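Here is a short briefing on ring pairs and helix packing, to read with the model open beside you. Let's start with the aromatic rings and then turn to the helices.

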Amino acid sequence: MLANMDHELYQQLAEVKLLPLYTVTDLDCLDKLEEVLVKNDVRFIEVAFRSDLAAEAIKRLAVSGELIVGAGTVRTLAEAKVALENGAKFVVSPAIVPEVIDYCIERDVPVFPGTATPGDIQRAMEYGINVVKFFPADIYGGLKAIKALSGPFYDVKFLPTGGINQENFMEYLENDHIIGVGGSFIISEALLKKDDGKSADENLRELVARTKG
Ligand code: 3PG
């Protein structure tokens, strides 16, 4: 069984509070991505398996060693294997994928299964997981749902993603049951390509400043 919250990575995420979800279509943006994240002390990145470049991007970012690199949108065991072989340190899935969870737990790699209902959370807990992704947060009741779920699941921490944005992320982070928020609003390739990353840097700086109150 995985003593989930004891893993150092969860403590690090609880400090940073922001988990950028990033889809790679251009490997040339990775240097700028890393530079902007490091500059703003957001040392986490979730590279989504939504493009053919995910594995290569994980590898390049992991080798550099500046960021804690994870894999997102991991729906199959094959993707989990490729992710870890290329240096991913954590895995995020949109749902509960038993073979992905087993594979990660056997290797003591933090895995965030996607949950949206009490049944999902119960299943995750049966694997010894007490930090879950809550997805898609906006569709499944947002903060109101997390507050309700935190009644029976008082010992679970949530990572809401899906529909989190500049306007609502702080409302989520003010809740003690939320370890951090994830999503594409934190940084994106489109923003990095604009004005040599200046907009991406400013956007991230503002988000980080707000997490620090
Ligand atoms: C995820 O997989 O976490 C979501 O697709 C993120 O959704 P967002 O683009 O609304 O942040």
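The structure holds five aromatic pairs (Phe, Tyr and six-membered Trp rings with centres within 6.5 Å). This is a predicted model, in which local features need pLDDT of at least 70 and side-chain atom pairs count only at pLDDT 80 or more, while totals for chains, interfaces and linings use all residues. Residues are numbered from 1 along each chain as its sequence is written, and side-chain values use heavy atoms, leaving out hydrogens and water.

**Aromatic rings**
- Phe134 and Phe158 pair edge-to-face (planes over 60 degrees apart), at 6.3 Å centre to centre with 85 degrees between the planes.
- Phe134 sits in strand E7 (residues 131-134) and Phe158 in strand E8 (residues 157-160), so their pair ties together parts 24 residues apart in sequence; strands here are DSSP E runs of at least two residues.

**Helix packing**
- Helices H4 (residues 77-85) and H5 (residues 98-106), DSSP H or I runs of at least four residues, pack at about 30 degrees with axes 8 Å apart.
- That makes H4 roughly parallel to H5 (angles under 35 degrees).
- The contact (heavy atoms within 4.5 Å) is made by Leu77, Ala80, Lys81 and Leu84 of H4 and Glu99, Val100 and Tyr103 of H5.

Notes
Axes fitted to C-alpha atoms, helices over the stretch in contact; angles between N-to-C directions. Parallel < 35°, antiparallel > 145°, perpendicular 65-115°, else oblique. Phe/Tyr/Trp six-rings, centres within 6.5 Å; stacked < 30°, edge-to-face > 60°.
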